[in-house]
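The following exercises are to be worked through with the sequence and the structure at hand. Each task is followed by a solution in steps.

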Amino acid sequence: MKKQKGMVELHEELVIEIMTRLPPKSLIRFRCLCKSWKAIFSTSVFIRMHLNRVKENQYNDMQHLILTSAYRLQSIKHQVCGGTTASDLDFPLKYPLLKRFPNHRIKVLGSCNGLLCVSVPRKTLILWNPSIKEFKKLPLSYPLHSDMQLQDSFGFGYDPSTNDYKVVRFANRYKRVNFPRPPAEIYSLKSNTWKSIQSFSVSTVFEDSLPGTLVGGVLYWNALCFGKPRQGLLPLVTGRWILGFDLALDKFETLFPPKKGYACTLGTIGGCLSVAQKLEGGSTGMWKLDPKQGWIKVMTIMDTNPLPYLVPICVMKNGQLLITYTKNWLFKVKGFRTSEFELYDPVKSTFRKLQVGGMRKCTQAIPYTQSLVSPNAIGLD
């Protein structure tokens with residue numbers, strides 16, 4: 001690009017340092033200004049630098065929440081403590097026709113490094129980056145269930161050891177009496193193929209249809225363990241546990257929640273797996289999993305009877321805890337939760353509703369980080 005009079009020539013390193021701090025929408029526009037910039041912004045090195053820069057500061061404007069409703073996906077900047085506005089996302093495929101298929105709803109199955117894994121009932125799975133408006137349809141080894149009671153459980157995450165994005169799928173069979181362990185398979189974006197993986201050795205059913213929680217390359221789900229079936233009767237629940245799957249090792253691991261016997265909801269706090277458990281007396285305990293020390297109690301939220309099924313989302317910049325909740329257990333089990341948002345102040349022990357303008361009835365709230373990662377470029381560099 002020809003240098004104009006009065007322009008200051010910047011070193012390429014300084015330009016890159018500045019550009020890694022900009023949102024993807026701005027960088028896409030800048031690609032059109034200069035061929036050299038387009039080449040730089042498209043390299044895997046710059047895309048990785050930009051992603052790392054965004055993840056360094058969890059309070060920047062590129063951290064969003066993706067909200068799903070019956071027929072729309074929306075985005076909000078949740079770090080705005082006073083209130084925020086939801087904006088509709090331009091979904092790349094046609095939404096299901098609710099009048100013809102009222103139970104067929106899109107569902108976000110996971111979020112990682114700017115990519116969303118989304119199921120479209122009666123159609124397919126896609127990996128989609130709404131920041132750069134690129135998506136990829138995934139092949140299926142067998143069709144997606146449309147019946148809410150037969151929905152499979154999924155997880156989506158990144159394996160840094162192979163620079164690969166993976167989708168884990170369990171075929172749930174709620175209507176069978178003997179509750180066999182669900183067969184498991186894993187999809188690799190690099191190879192664009194599915195393969196079966198060795199499942200766990202006990203009879204297990206997932207406690208809800210919520211997607212796996214990704215922490216440090218491991219996906220976690222709530223699970224129920226069942227004993228041997230008795231003739232003519234349903235098997236008894238013998239325990240609640242948390243099932244983990246290591247994306248690098250393709251191996252399962254199990255751990256017990258902090259309080260055995262109590263139902264829990266999973267989330268992340270400070271980069272650690274977190275658990276919220278409703279305890280006796282109406283309080284809710286929250287723990288995070290330290291790799292060395294195990295479960296560490298973060299706080300006790302008193303008198304949460306009005307918020308029965310509470311899910312922690314993140315800690316805000318001012319120290320308040322953003323949570324989502326539902327009053328209906330049926331929605332939690334089926335993975336469709338009519339959720340609202342509350343801000344909890346651990347110093348004052350008070351709740352305050354987060355005002356979100358333009359938000360439709362929300363069934364999911366998934367943390368999302370804007371990035372330049374393309375689902376069509378993995379494995380090409």
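**Exercise 1. The surroundings of a serine**

Leaving aside its neighbours within four places in sequence, with which residues is S131 in contact? Determine also whether S131 is buried or exposed.

Solution. The model is a predicted one.
- Step 1: Locate the residue. S131 lies in the loop between strand 7 and strand 8 (134-138).
- Step 2: List the contacts. Beyond the neighbours within four places in sequence, S131 touches P24, I28, Y368, Q370 and S371.
- Step 3: Examine the side chains. Those of S131 and Y368 are joined by a polar contact of 2.8 Å.
- Step 4: Apply the cut-off. Buried means under 20% relative accessible area. The relative accessible area of S131 is 16%, and therefore S131 is buried.

**Exercise 2. Two helices in contact**

Describe how helix 1 and helix 4 pack, and state which residues meet.

Solution. 
- Step 1: Two packed helices are described by the angle between their axes and the distance between the axes.
- Step 2: Read the values. For helix 1 and helix 4 the angle is about 45 degrees, and the axes are 9 Å apart.
- Step 3: Classify the angle. Angles under 35 degrees count as roughly parallel, and 65 to 115 as roughly perpendicular. Helix 1 and helix 4 are therefore oblique to each other.
- Step 4: Name the residues. From helix 1, I16, E17 and M19 meet F46, M49, H50 and R53 of helix 4.

**Exercise 3. The largest nonpolar core**

Which residues of the largest nonpolar core touch the most other members?

Solution. 
- Step 1: Identify the residues. The core has 28 residues, of which F46, L125, F156, Y165, V167 and V373 touch the most other members.
- Step 2: Trace the contributing elements. Among those that each supply at least two residues of this core are helix 1 (12-19), helix 3 (35-41), helix 4 (44-56) and strand 9 (153-159).
- Step 3: Follow one member. Apart from neighbours within four places in sequence, F46 is in contact with I16, M19, T20, L27, I40, F41 and L372.

**Exercise 4. An open sheet**

In what order do the four strands of the open sheet stand?

Solution. 
- Step 1: State the order. The strands stand in the order 4-2-1-27, with antiparallel pairing.
- Step 2: Find the edges. Strand 4 (87-88) and strand 27 (364-369) are the edge strands, and each pairs on one side only.
- Step 3: Inspect one pair. Four bridges connect strand 1 (residues 63-68) and strand 2 (residues 73-76) in the antiparallel sense. L65 has I76 in strand 2 as its bridge partner.

**Exercise 5. A strand with two partners**

How many of the seven residues of strand 19 are buried, and how does strand 19 pair with strand 18 and with strand 20?

Solution. 
- Step 1: In strand 19 (residues 272-278), six of the seven residues are buried, so the strand is largely enclosed by the rest of the structure.
- Step 2: Take strand 18 (residues 264-269). Six bridges join strand 18 to strand 19, and the two run antiparallel. T265 has A276 in strand 19 as its bridge partner. The hairpin of these strands has two residues between them, and G270 takes a positive phi near 60 degrees.
- Step 3: Take strand 20 (residues 284-290). Strand 19 and strand 20 pair antiparallel over five bridges, and V275 stands opposite W287 in strand 20. This hairpin has five residues between the strands, and G281 takes a positive phi near 90 degrees.

How values were computed. Residues numbered from 1 in each chain as written. Predicted model: local features only at pLDDT ≥ 70, side-chain atom pairs only at ≥ 80, totals over all residues. Heavy atoms only, no water. Core = buried A, V, L, I, M, F, W, Y, C linked by side-chain atoms within 4.5 Å. Buried < 20%, exposed > 50% of the residue type's maximum accessible area, 1.4 Å probe, protein only. Contact = heavy atoms within 4.5 Å. Pairing = 2+ DSSP bridges. Polar contact = N/O pair within 3.5 Å; in protein donor to acceptor, adjacent residues only side chain to side chain. Axes fitted to C-alpha atoms, helices over the stretch in contact; angles between N-to-C directions. Parallel < 35°, antiparallel > 145°, perpendicular 65-115°, else oblique.
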